[in-house]
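Please look at the sequence and the structure first.

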Amino acid sequence: MKLTSKSFADQQFIPQANAFGKIDSESHIALAGNRNPHLAWVDAPEGTKSFVVVCHDPDVPSKGDDVNQEGREVPASLPRVDFYHWVLIDVAGSVREIAEGAYSDGITPRGKGGPLAANDTRQGVNDYTGWFAADRDMSGDYFGYDGPCPPWNDAIVHRYVFTVYALDIERVPLEGRFTGPDVLRAIQGHVLAQAALTGKYTLNPALASA
């Protein structure tokens, strides 16, 4: 399998249109377009009955002490953890393309609804659910796609890995609310093939202009 996108090329920067946050000269971060990127894949193996799409950032700080704090920097040496931005399951086996903006077009405070989504698919909650849990104005269940918004003072550029999994089952065996790790566990033993595409993003002006 091979995965491509008209929104950005592999290993290149993701546009603001597909991000949750963008650089702001006064407040560091402003809200961005938050459209899910276009994705297309080819060479799915025979016997594919459905697809799963997952986007995760493997570069999220494991500790939040320095995150978005004036006069401080999130050091490159800090251990990093995964942050899930999109979990889409039960994509029909006949599908080979997802249009930009088909599942997300703008930011929804307190999160988009789910898990039921367009085209008889389902979407899991992404990790903004936990990130905004203590925010009175933004807390809620964030289903579906919400794009990049890394710390504006992070010393590294973040990577966003979009992975499409071809499965030998029509429906992922999960019910109700689910997460990225839930899906990865549930599809074990059912993956016929997979393909990935990586985009980059930063809100650190020093890195953006490098």
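This is a predicted model: local features need pLDDT of at least 70, side-chain atom pairs count only at pLDDT 80 or more; totals for chains, interfaces and linings use all residues.

## A network of salt bridges

Salt bridges link R35, E100 and D105 into a network.

D105 has a relative accessibility of 54% and counts as exposed, because exposed means over 50%. R35, at 25%, counts as partly exposed.

## Other charged pairs

Side chains of opposite charge can pair when their charged atoms come close. The whole structure contains 11 salt bridges. One of them joins R72 and D66, whose closest N and O atoms are 2.8 Å apart. R72 is partly exposed, with a relative accessible area of 41%, and D66 is partly exposed as well, at 23%.

R171 and E175 also form a salt bridge, with 2.8 Å between the closest N and O atoms. Here R171 is partly exposed at 40% relative accessible area, whereas E175 is exposed at 58%.

Over the chain there are 18 positive and 27 negative charges. The mean position of the positive charges lies 1 Å from the mean position of the negative charges.

## Order of the elements

The chain has 11 strands and 3 helices. Read from the N terminus, the order is β-β-β-β-β-β-β-β-β-α-β-α-β-α.

## Overall dimensions and packing

How does the radius of gyration of the chain agree with that of a compact globule? For 210 residues, a compact globule would have a radius of gyration near 17 Å, and the chain has 17 Å, which agrees. Along the principal axes, the C-alpha atoms fill a box of roughly 55 × 35 × 30 Å.

Of the 210 residues, 49% are buried. Among contacts between residues at least 6 apart in sequence, 76% join residues at least 24 apart.

## Surface

The accessible surface of the chain is about 9800 Å². Carbon and sulfur atoms account for 49% of that surface.

Methods:
Residues are numbered from 1 along each chain as its sequence is written. Side-chain values use heavy atoms; hydrogens and water are left out. Helices (H or I, at least four residues) and strands (E, at least two) are DSSP runs, numbered from the N terminus. The radius of gyration is taken over C-alpha atoms; the globule rule is 2.2 Å times the number of residues to the power 0.38. Buried means under 20% relative accessible area, exposed over 50%, partly exposed in between (1.4 Å probe, protein chains only). Contact means heavy atoms within 4.5 Å. Accessible areas come from the Shrake-Rupley method with a 1.4 Å probe; for residues, only the protein chains shown count as cover. Lys and Arg count as positive and Asp and Glu as negative; His and the chain ends are not counted. The place of a charge is taken as NZ of Lys, CZ of Arg, CG of Asp or CD of Glu. A salt bridge is a side-chain nitrogen of Lys or Arg within 4 Å of a carboxyl oxygen of Asp or Glu.
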